[in-house]
Amino acid sequence: MTWSLVFLLDYVLHHICRTVFLLFSRNSEVNLSVIGPYVDYLKEKQGIKGIFVNGTTGESMSLSVAERKDLAEEWCLRAKGRMDNVIIHVGCMSLKDSQDLARHAAEIGADGIAVISPSFFKPRTAALRRFLQEVASAAPTLPFYYYQIPSLTGVNVPVRDVIEDIENLIPSFRGVKFSGSDLLDFGQCVSYSQPHWSLLYGVDEQLLAGLAMGANGGVGSTYNYVGCYFNQMISAFETKDLVKARTIQFKIQELVSYAIKRGFDTGVNKQLMAEVSGLHLGPPRLPLMPCCPDLAQLIVQKYRSIFV
């Protein structure tokens, strides 16, 4: 098993996969026409080989079920044969909606599904495991990934507890998209991981630490525009050139730190991707707010001072 940048998923070597941004027209309607050029850009400019669709970066919780299906279908159509993996996030607050999206992902030929924890009614460990089991049962032939991101869900259940004997509940379970900063929990997950699982680290600015702990790869949003540098970092790590790997990670941290101090969020991240790639991604949907053009230019200038 091998894999690559941009997103996520399935195999056992260090690669990165990328979460894709939601594409809107100026009137906040989903714009499917950009997906083909988007795939070209990720593959040819950033060296991305896998995509994670309808996740946090893709503003999935601001979309209707019908919109998520339209996006999933178009990404599978445009990326199949060009990307190694197309993973569809199907998690919703509603179990029935999650199951509906899981079945749809199987019908359109997705390579796997991922599910986030419900976050309005926040489950404890047993309830979360049951929720994941019920969603997975709607698409039992698809590889299944638990998507953990406690900073947004507010669900701080240790992932190690969630995955205890998980294949007895979910035979299709194949790993975790771990988007928290708790390396103790992550390390325990790696220690428990089975050979056919992938533990994917989702905090871009700390990926090197995740790799050192045993991550099989990464899933991130900044890979959209600095994916090629993450690939260089992973190659350096695999060849034990830690000086080079750290140098690249520190550059990425410098950029992210600069952006955070000026109000980095999904809207800013999306505008930064548009500025760097030249793709017309459109504004975010409320409650996210568009990025101020002056702020975007400041961060782009910092990006170029570091990487160009």
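This is a predicted model: local features need pLDDT of at least 70, side-chain atom pairs count only at pLDDT 80 or more; totals for chains, interfaces and linings use all residues.
Let me start at the surface, where Met 61, Met 93, Phe 120 and Phe 121 come together as a nonpolar patch with about 510 Å² of accessible area between them. A patch here is built from residues that have over 30% relative accessible area and no salt bridge, with nonpolar side chains (Val, Leu, Ile, Met, Phe, Trp, Tyr) joined within 5 Å and like charges within 9 Å. The areas themselves come from the Shrake-Rupley method with a 1.4 Å probe, and for residues only the protein chains shown count as cover.

Residues are numbered from 1 along each chain as its sequence is written, and side-chain values use heavy atoms, with hydrogens and water left out.

Phe 120 counts as exposed because its relative accessibility is 66%, the classes being buried under 20% relative accessible area, exposed over 50%, and partly exposed in between, with a 1.4 Å probe and protein chains only.

Now to the largest pocket, which has a volume of about 700 Å³. On a 1 Å grid over the protein atoms alone, a pocket is an open set of points with protein on both sides within 12 Å along at least five of seven lines, unlike a cavity, where a 1.4 Å probe fits but cannot get out; lining residues have an atom within 4 Å of a point. Grid points are joined across faces, edges and corners, and the volume is the space filled by probe spheres set on the points.

Which residues lie nearest the centre of this pocket? Of the 29 residues that line the pocket, they are Ile 149, Ser 151, Gly 202, Glu 205 and Ser 221. The elements giving two or more residues to this lining are helix 5 (150-153), strand 8, helix 11 (242-261) and helix 12 (266-277), and helix 5 gives the most, with three residues.

The side chain of Ser 221 makes a polar contact with the side chain of Asn 269 at 2.9 Å. By polar contact I mean a pair of N or O atoms within 3.5 Å, where within protein one must be able to donate a hydrogen and the other to accept it, and residues adjacent in sequence count only if both atoms are side-chain atoms.

Turning to charged pairs, the structure holds eleven salt bridges, each being a side-chain nitrogen of Lys or Arg within 4 Å of a carboxyl oxygen of Asp or Glu. One of them joins the side chains of Arg 82 and Asp 40, at 2.2 Å from N to O. This pair links distant parts of the chain, 42 residues apart, with Arg 82 in the loop between helix 2 and strand 3 (85-89) and Asp 40 in helix 1 (residues 35-45). Arg 82 is partly exposed at 26% relative accessibility, and Asp 40 is partly exposed at 29%. Asp 40, Glu 44 and Arg 82 are also linked in a network of salt bridges.

A further salt bridge is formed by Glu 67 and Arg 285, whose closest N and O atoms are 2.9 Å apart. Glu 67 lies in helix 2 and Arg 285 in the loop between helix 12 and helix 13, so this pair ties together parts that are 218 residues apart in sequence. Are these two residues buried or exposed? Glu 67 is buried, with a relative accessible area of 15%, and Arg 285 counts as buried at 15% relative accessibility.

Finally, some backbone details. Leu 286 and Pro 287 are joined by a cis peptide bond, with omega about 15°, and Pro 287 is found in the loop between helix 12 and helix 13 (293-307). Glu 59, a residue other than glycine, has a positive phi near 55°; it is placed in the loop between strand 2 (50-53) and helix 2 (65-79), and is buried, with a relative accessible area of 4%.

Conventions:
Helices (H or I, at least four residues) and strands (E, at least two) are DSSP runs, numbered from the N terminus.
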